[in-house]
Each structure stands twice: as structure tokens, then as C-alpha cells.
Amino acid sequence: MRSPDLKRWREPATWKEAAYDPGVRAAVFQVLLALAIAFLAYEIVSNTIENLRKQNIASGFGFLSETAGFDISQTPIPYSSKSTYGAAFLVGLANTLIVAFIGIAIATVLGFTIGIARLSPNWLVAKLALSYVELIRNMPLLLQLLVWYVAVLRTLPFPQDALALPGGGFLDVRGLHLPRFSLDSGGGILLAVLALALAGAWWLKRQAGIDREAGQTVPTRAQRVGWGLVIAVPTIAVAIAFAASSVSYPVLGRFNHEGGLSIEPEFLALVIGLSTYTAAFIAEIVRAGLQGVPRGQREAAAALGLSRRQALRLVILPQSLRIIIPPLTNQYLNLTKNSSLAVAIGYPDLVSVFSGTVLNQTGQAVEVILITMAVYLAISLATAAFMNWFNKRTSWAER
Amino acid sequence: MWILLLALVGSEAALAQASSQTLDTVRKRGILNCGVNTGLAGFAAPDARGRWTGIDADFCRAVAAAVFGDGDKVRFVPLNAKERFTALQSGEVDLLSRNTTWTMSRDTSLGLNFAGVLFYDGQAFMVRKSQGLKSVDELAGASICVQTGTTNELNLADYFDTRGLRYKPVVFERLIEVLAAYQSNRCDAFTTDSSQLVAERTRLADPENHEILPDLISKEPLGPLVRQGDAVWSNIARWTLFLLINAEELGITQENAGEMRTSPNPGIRRIFGEGSTFGRALGLRDDWAVSVIKTVGNYGEAFERNLGQGSPLKIERGRNALWTKGGLMYAPPIR
């Protein structure tokens, strides 16, 4: 870095000298650029408003409190056709978040498994993992979604001929129907006990820390009480909750399976497609991360007498995480954004419900698209922020 | 948001040009951009040679004929239900001739104007014959496929809601996806406008195994739209439509349109610009009406060719017959 020549900076001898000063020049260009961008933004906004006004298109966000009038097939939060467009927006948002969350969870587990399998000494396992990665990541995602939806799930039988699953579930062209456990009054008890147990665990951990500081090595009193808590409390809680809860099984009605928990094929196809696709990329990231750990670490682990599995779990994987996490964040963001392909297979995500149906029923294109963009930006930034925090936590303290 | 508001207040009222911007643009371009369905037999669908056919496509040709005297000066822009209004609002198309239901909200809040009714329709349901259903009310608990962003989606919710019946909506963006979902048993019923069901049924692998329930649950007056705020262009679309209907009533056909200029009926002579200035009042040539009728024929001819007995759909005239024959087709007089 150039050491700042403060004297010269404060008092440029002449205007000419100032004009040749790199600092002054940079500042002038920055200001010019900022002005140009501000002007462009102003032009776009005022132009849009003028055009909307000329065409008598209603603008503003008032439409969000109007009645929607249409139904949505999957509503994780209460919604009916009498709800507002704002509620429809929330349903779409919730559906997007659910798909993203479950998709990320599955993709991570699958991706790590396959990434580790790629480096397996077992030739067959390694080649299978390689084929998976090459096959899946080289095909367009949209195509894969359609394959899952049209070629796989659409060929399932009618509800009348549904495949019976063990435990009272059914699988048919209308989706997966599972028994649903309703916790009823049991839910409250379960939650209360769990909260109590968590608080107890936290206290015990603190206690244990204090004991360890004091040089205790044998199981402390706190630990012994802890084991009792860990085993006994959840058992009792679950038993009480079960006694106070009910199960509803899916039963074939005139057209569909009624009751129980129904998972629609659109959701299944989207989650399967997104997670298997993203898993292929995560697998490559994991492989690169594992290979990025110096060979010496592996040898050192072996020298300590650790087995391959132990070496991987205790030595290699923790170190590789700092290489894995930054690109992994990108994959999480990709999965979330790719979930908007839901529109192709009729899953009611944010894009489908809000910038699809709501936009079409209200005609408020500018507002709807603005909100949608803001939401995706917010989700992405939040994911990135969380992963950055996590990255910082797992990275080495530089010495 | 306050920036938007400030800009809104601050901008001066630069409106009110009497001339037709759309007409000028279309003339300068030399071709009419006309938004149509992405493919709906009888209304707008490309035939084997890639030529757009159907009554909506014919209306595009009629307007092109009125403007240019040549019905082929049309560029057809296929639009799905979701894209259609934005395409018209943004100027991507000059005219939307795409089986769109005339509703108050669409007429008042989208910055668009309906030119009239080209086809009176109603929403119906198609089901598999094997289910042995007699009426829509028996569909309680069924999965029902519907296209998103349509009035059908809203009517469906209203109908089942007012009767306290449950159903599972399965929505898709394009009609072809809705049909595919219905065909693969993803849903028990497929609902849309009755005429569309007739057309879509012909595309099924086994049309004979499917039936359309007799109930109609809504009014669906379908008509062409233009942008609001261009009265001249609006007039052109509206009176082209009225011309087609009046022509049928007066017995003017594609064949006799040329000789009708000398008809003993002064009303007919007026339509064709003999001693009248109707064309000029629209901003067009005086012989606009001859071009229109020579291009697509009168309403009845266009109907029979595209939807009626001359087509695979064989839809009855029914409500779409002239008012003189017990139907609803009634156009204000050209005089």
C-alpha cells in the first residue's frame, strides 16, 4: 500500500496538480459513476410509473389485502379461497422454504455420502459414485424434474389400486398417503418436558465444565443425574404424549385417500429432483475438500492407530470442512433458487403462486415481481450469512 | 416507495393525444401483432402447414384486413394465460384475441378494454365415463385439474365453496400440462370453458371414454382486448367485431361481399362505404368493411368453419346464434 502523503493530499499546490492526483481522480470518477447510476435508476422508476399511469393500471401494494378467490393445493399455513393475496403470498413463501429446507437437508446427506464414496478403496463403490455424479450433474435440472414427475410419479396406479405400504400408508398417482400422528393435548406436554430437559442439559453441561476445571475425572454427580435425565425423561414424555395423541390413517374415499398425511407428487418430484441434482455437485465439493487435506494428516492418523473410518471422522473430515463450506453455500443458494422450477410441475411455490397466479389475477406485474425478487434476495443473503458464520466457526484459528 | 410517490405527483400530465398511437405504430410497422392462445383447436392453433386457424386467429385477420386491406399482415404471438395481459400492456401485441373472459376487474384495473363478445361460453367439467357421474356436485372430494390465472380457477373455488364441497385443486400454467395431468389420472376432473373441453377432448388418446358434464357453473363471455386510452384503436377492434355480426344478420357473406356494394338495401351500401364515411371515422379507408368480410366472412361463416359443423369440434351455435335466432349475438347497428 502506498503510504499516504498527507501533506500533499491536504494542500495540492495547484488545480493542475490536483487533477493529476490519483486519489482525487478516483474520487471524481466514483462520484460520476454514482450519479450515472442514480440517474438511470430515476429514469427507470419514473418511466415505469408514467407508463402505468398512462395506461390506467392500478399501482401500489393495496392489492395484497384483497380477497384472493382461488385455492392452493398445498397450504402449510391456514389458507382458503377467502384469504387475501397477502396470505397467498405467505403460502407460496412457506412452500418455497419447505422445499428448500428439506431439499438442502437431503442433498447434504446424499452429497457427503457420495463424495466420500468416490474416494472409497472399494472399486465398485467408487465407480458407482462417479457414474452418479457424471450422469446427474451433466443433465439439465428441468429435464430431471420432468422425468421424476412425468415418467416416474405419473405412472403410479389409480387411488383404487394404490400400492399399500407397511404401516398403513399408500402410494398412488395422487401422491404418498401416510398415517398422521396428531399430538392433540400430548403435544403440549411433550413440548414442556422437552424444554425442561433442554434447560436441565444446559445446566448439567455447565456443571460438568465446572467439575472438570476442578480436576474431576470420574463420572461426576452431575453426569450420573444427567444419564438418568437423558434416558428417563424422554421415555416418560413420549409415553404420555402417545397416550394423549391419536393417529389418523388414510382411507380410500370415493376419489382419493382421505385423512392421514398426504404428500403430493409435485412436492415429491421437486424434492427428489432438486436434492439428487444438488447432491452430485456437493459430492464433488466434498471429494475436493477431502483430497485437499494434506496426505500427512492421513499418515499421522494411521500412525496413531486410527482406523480408516476413525481417521476420516476425527481427522480428515473436520479439516476438510473449511475447504468444503464456502462452495457448499453456493450449492445451497442454487438449490433454493432452482426450486422456482416448481412452476413447470405445478408445485405451488412462491413463483408459481405469487408471480404466477396472483400476478395473473391482479395484473400488478411490477409490484409482484419486485416483491418476489426481494424475497429471493433475502433468502439468499440469509443463507449466505448463516453459512459465513458457520464457516468462521469451523475455520482454523490462524496462528 | 416515497420516491415513487414523489415521481407520481411531480410528473406533469402529458396525456390526451387524440390520434391513435397504436394505429400509427401498426401502420408504420406494416404488420399487426396479435396475441393468441398457444394452441387451442377452434380458437387459435397452428394447422399442419403452420398456419394459425380458429375463430380468434380469424379475428386477428379481420382487424388486419380492416387496417391494411390484407388479412395476412398478421404476426401471431402465442401467449399463455399468465403472459397475455402483460404482453398487451407492454405493447408486445397490439390486440389480444385469445378466448379471454370479460370480467369487471380485468376491464377496470388492468389498463385494458374489451372490444365485445366473440363467443359466449360457460365453465364445464370433463370426467372419465367409467366414474358414472351425473353432475358437478358429485365431484365432492375429487382432485380437479385447472389452468392457473384463469377465471376458471376462481369460479371453481366459488362454486365448491358456496356448496360447502371439498376438492383438491391441481393447477398448471399451460393447458397442455393440465390435459396431460388429467390424462395420467392425476385428477378426476378437468375444468375449463365448455368449448375448450370439447377441443381438448379431441386431443385425448381415448376421447370416447370421457364425457363433459352437462352443468355450466359460470358465464364466460370471451372477447378480444386492446389497451385502454386509445379510443380510435378501441373503436377499430369493436366495430370490426360488430361488423362481423351485422354482416351475418344482413346476409353479407365472404362470397357476395363484393357485389353487395350495389345492394338495394341502403343499410348494406352504407356499411361498404357507399355514401358514408364510417371507414374514415375509424381512421381507416372507406372500403374497410369489404376487406374484412372478404377475408374471414361473416360471424356465422367464421363460426361454422372453426367451431361448428365444418370443424372437427361440431359445437352447436346455441347461445352464439344471432339474436334473431334465439341466441345472444346482437351487435349495435352500423349507421
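This passage describes the chains, the interface and selected residues of a predicted two-chain model.

In this predicted model, local features require pLDDT of at least 70 and side-chain atom pairs count only at pLDDT 80 or more, whereas totals for chains, interfaces and linings use all residues. Residues are numbered from 1 along each chain as its sequence is written, chains are lettered from A and ligands numbered from 1 in the order in which they are written, and side-chain values rest on heavy atoms, with hydrogens and water left out.

Chain A has 13 helices and eight strands, where helices (H or I, at least four residues) and strands (E, at least two) are DSSP runs numbered from the N terminus. Of its 399 residues, 39% are buried; buried means under 20% relative accessible area, exposed over 50%, and partly exposed in between (1.4 Å probe, protein chains only). Among the contacts in chain A with a separation of 6 or more, 66% are between residues 24 or more positions apart, a contact being heavy atoms within 4.5 Å. An unreviewed UniProt entry lists "transmembrane region" at residues 26-45, 87-117, 186-204, 225-247, 267-290 and 368-390 of chain A. UniProt positions are given here in the numbering of the model, with shortened feature names, and the annotations may be inferred rather than shown by experiment. Residues 87-117 of chain A are 100% helix and 0% strand, with 44 Å between the end C-alpha atoms. Residues 368-390 of chain A are likewise 100% helix and 0% strand, and their end C-alpha atoms lie 33 Å apart.

For chain B, UniProt (unreviewed entry) places "domain: Solute-binding protein family 3/N-terminal" at residues 31-260. This span of chain B is 33% helix and 27% strand, and its end C-alpha atoms are 28 Å apart.

At the interface, 54 residues of chain B contact 45 residues of chain A. The area buried between the two chains is about 3900 Å², with carbon and sulfur atoms giving 48%; buried area is the accessible area (1.4 Å probe) that two parts lose on being put together, summed over both. Lys82(B), Asn185(B) and Arg186(B) supply 15% of the area that chain B buries against chain A, more than any other three residues.

The interface of chain B and chain A holds 15 residue pairs in polar contact, both residues at pLDDT 80 or more. A polar contact is a pair of N or O atoms within 3.5 Å; within protein, one must be able to donate a hydrogen and the other to accept it, and residues adjacent in sequence count only if both atoms are side-chain atoms. On the side of chain B that touches chain A, at least two residues each come from helix H1 (2-10), helix H4 (84-89), helix H5 (104-109), helix H6 (151-162), strand S10 (168-172) and helix H7 (175-183) of chain B. S10(B) gives the largest share, five residues. By class, this side of chain B has 24 nonpolar, 15 polar and 15 charged residues; Ala, Val, Leu, Ile, Met, Phe, Trp, Tyr, Cys and Pro count as nonpolar, Asp, Glu, Lys and Arg as charged, and the others, Gly among them, as polar.

Five salt bridges cross the interface of chain B and chain A, a salt bridge being a side-chain nitrogen of Lys or Arg within 4 Å of a carboxyl oxygen of Asp or Glu. Over all chains the structure holds 19 salt bridges. Arg186(B) lies in the loop between H7 and strand S11 (189-193) of chain B, and Glu264(A) in the loop between strand S8 (261-263) and helix H9 (265-291) of chain A, so the pair joins two chains. Their side chains meet in a salt bridge at 2.9 Å, N to O. Arg186(B) is buried at 1% relative accessibility, and Glu264(A) is buried at 9%.

Ser143(B), in strand S9 (residues 143-147) of chain B, is also buried, at 1% relative accessibility. Beyond its neighbours within four places in sequence, Ser143(B) contacts residues including Arg174(A), Asn256(A) and Arg186(B).

Within chain B, Glu177(B) and Arg174(B) form a salt bridge at 3.6 Å, N to O. Glu177(B) is buried at 16% relative accessible area, while Arg174(B) is partly exposed at 39%. In chain A, salt bridges that share partners join Arg118(A), Glu284(A) and Arg287(A) into one network.
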